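Here is a short briefing to read beside the model. Take a look at the overall fold before going on to the details.

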Amino acid sequence: MTAILDFEAQLQLQDDTFQVLNILDKEGKVLDSDLEGQVGLSDEQLVALIKDMLFSRTLNDRSTKLAKQGRLGFFAPTIGQEASQIASQLAFAPEDYLLPGYRDIPQLILHGLTIEQAFLWSRGHYDALDVPEELHVWFPQIVIGAQIIETAGIALGLKKKKTGTVAFTYTGDGGSSQGDTYEGINFAGAYHAPAVFFIQNNGFAISTPRGVQTAAPHLAAKGWAAGIPSIVVDGMDPLAMYLAAKTAREWAASGKGPVLIETLTSRFGPHSMSGDDPLRYRTQADLDDWLPHDPLIRFRNYLEAKGLWSKEQEQATIDELNAKIDTAVENADNVAKMKVSTMLKHTLEVPGQAMQEQIDYFEGQGK
């Protein structure tokens, strides 16, 4: 059979084409010293990175408790995804635009949003939207995949303004099956817009296994359909994630167009704190297989071997982070509660007649 018509060979080619980028093994030992040398982070930056990853883990733990206490609204856990999220975010400049999904609160804070505002966003409070113009972020997108389209549009604007900056965003493996995702990466590819798209492949789109939602052996292949460079990275490896993101940003910022990065990771907690039980669709054995790949354990071992980190430093960092979060919770609790009338006023720039009547009614009730 001619190779063009050998469909079995085509499927095998898809599976064989994408190699996984990794630098550290699960014990934190270097697999490729040449790649390690390309990372380019100083000792101080490496220590700052593990502190930021610990911030994400601590924020996850505290937010989980707050959600159980009924003190937050929607919360999507991030435990296990610290390398995929935080190490990649480090590669971008403050001038770059971040368009997060609802699980990307840690990156949003590290890009400049306050912890207090993040808590207010979870509670649906409009004060969360009060950010300075120089803070280049948009707010977490609840509609799955919609942030991909937003990123494509902002990236095209950055190109037209010749800013030399990029837009970057994240979605999950479930988001990769959304029409918005296809449309966004296709638009960005067609216009060579400076964008970097991350698909965090957790293996489960809420409760649907990846192999059920798509036949694609690698989600990165979906970027090829849009004509953009696409790679697969070990999403539990902080050094590999930073190197991939840094290289992708350099490509996009130089005017060559967008890049798609699939990160292979595992979220150890539920999809959200809104009643999800992962053991209804994941086995404990599956979770146990992933736990030794914990990005914090891997990176901690790597830094300890270099003499840059210790248990005492880690505990001191966690204590400091908890104190910061305590202050943020207190500040958020002390913000004046929203009124129904004010919420309605923020819905439309010019309220219609019916909405204005509602505003007048609730204002008359002092609500």
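With 367 residues, a compact globule would have a radius of gyration near 21 Å, and the chain has 22 Å, which agrees; the radius is taken over C-alpha atoms, and the globule rule is 2.2 Å times the number of residues to the power 0.38. This is a predicted model, where local features need pLDDT of at least 70 and side-chain atom pairs count only at pLDDT 80 or more, while totals for chains, interfaces and linings use all residues. Residues are numbered from 1 along each chain as its sequence is written, and side-chain values use heavy atoms, leaving out hydrogens and water.

**Whole chain**
- The C-alpha trace spans about 75 × 55 × 45 Å along its principal axes.
- Buried residues (under 20% relative accessible area with a 1.4 Å probe, protein chains only; exposed is over 50%, partly exposed in between) make up 50% of the 367 residues.
- Among contacts (heavy atoms within 4.5 Å) with a separation of 6 or more, 75% are between residues 24 or more positions apart.
- Carbon and sulfur atoms hold 54% of the accessible surface, which comes to about 17,400 Å² by the Shrake-Rupley method with a 1.4 Å probe.

**Sheet and helices**
- The chain has 16 helices and eight strands, taken as DSSP runs numbered from the N terminus (helices are H or I, at least four residues; strands are E, at least two).
- Six strands form an open sheet with parallel pairing, in the order S1-S7-S8-S4-S3-S2; two strands pair if DSSP finds at least two bridges between them.
- At the edges are strand S1 (20-21) and strand S2 (97-99), each of which pairs on one side only.
- S2 runs parallel to strand S3 (residues 167-172), joined by three bridges, and Leu99 stands opposite Thr169 in S3.
- Helix H7 (residues 146-161) lies across S2, S3 and strand S4 (195-201), at about 170 degrees to S3; axes are lines fitted to C-alpha atoms, for helices over the stretch in contact, and angles run from 0 to 180 degrees between N-to-C directions.
- The 12 residues of helix H16 (residues 353-364) should span 16 Å at 1.5 Å a residue, and its end C-alpha atoms are 16 Å apart, which agrees; the expected span is 1.5 Å times one less than the number of residues.
- Just after H16, Gly366 has a positive phi of about 75 degrees.

**Around Thr78**
- Thr78 sits in the loop between helix H3 (43-68) and helix H4 (82-89), and is buried, with a relative accessible area of 2%.
- Leaving aside residues up to four places away in sequence, Thr78 touches Ser56, Asn60, Gln85, Arg103 and Pro106.
- Thr78 and Asn60 are 18 residues apart in sequence and 6.2 Å apart in space, C-alpha to C-alpha.
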